[in-house]
Amino acid sequence: MEKENVEVVIMGKVYTIAGDENKEFLQRIARYMDDKMQEVSKSPNFNRMSMDYKNLMINLNVAYDYFKAQDWSERLEHDKEKTQKEILKLKERIVDLEMQLKDNNEEILALKEQLDEK
């Protein structure tokens, strides 16, 4: 697959980035980074921080978002598995009830026949 090149704006500067994904995806990543950098830059004393510390703060914020999303994904996967198990149990219960209904209907027919014979 050919790498896509796209121009993006991050913190007011234009950059050309490339990646294996489509341009829209790369622009989405750049918007996220721009938003994150804008958010962190509003922190008190941000302008007084060293460049290393600024980068650390931005990276920590990105890592925080990543791990929160990962936790959310794991919870959703757990909920999905739990729901699938519940669905399976309900399907089994439906089969049991259908069999019970069939047995009950057969018993009712047998009882009707006995009544008709009398």
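**A close look at one helix**

Reply: The accessible surface of the protein chain comes to about 10,400 Å². Carbon and sulfur atoms hold 54% of that surface. Keep in mind that this is a predicted model.

Start with the setting. The protein chain has two helices and two strands. Along the sequence they follow the pattern β-β-α-α. The C-alpha atoms fill a box of roughly 100 × 40 × 20 Å along the principal axes. The radius of gyration is 31 Å, whereas a compact globule of 118 residues would have one near 13 Å. Of the 118 residues, 11% count as buried.

Now turn to helix α1. Helix α1 covers residues 23–41, which is 19 residues. From its first C-alpha to its last, α1 reaches 26 Å. That is close to the 27 Å expected at 1.5 Å a residue.

Look at how α1 begins. Asn-22 caps the N-terminal end of α1. A side-chain oxygen of Asn-22 lies 3.2 Å from the backbone nitrogen of Glu-24.

Next, which residues of α1 are buried? They are Leu-26, Ala-30, Asp-34, Lys-36 and Val-40. These residues cover an arc of only 165° around the axis, so they sit on the same side of α1. What covers them includes the strands β1 (4–10) and β2 (13–19). Helix α2 (51–117) is also part of that cover.

Finally, go to the other side of α1. There, Glu-24 and Arg-28 are exposed. Glu-24 is also the residue whose backbone nitrogen faces the cap from Asn-22.

Key:
Residues numbered from 1 in each chain as written. Predicted model: local features only at pLDDT ≥ 70, side-chain atom pairs only at ≥ 80, totals over all residues. Heavy atoms only, no water. Helix = DSSP H or I, 4+ residues; strand = E, 2+ residues; numbered from the N terminus. Expected span 1.5 Å × (residues − 1). Buried < 20%, exposed > 50% of the residue type's maximum accessible area, 1.4 Å probe, protein only. Arc of directions from axis to C-beta. Contact = heavy atoms within 4.5 Å. Polar contact = N/O pair within 3.5 Å; in protein donor to acceptor, adjacent residues only side chain to side chain. Rg over C-alpha atoms; globule rule 2.2 N^0.38 Å. Areas by Shrake-Rupley, 256 points an atom, 1.4 Å probe, with all protein chains shown as cover.
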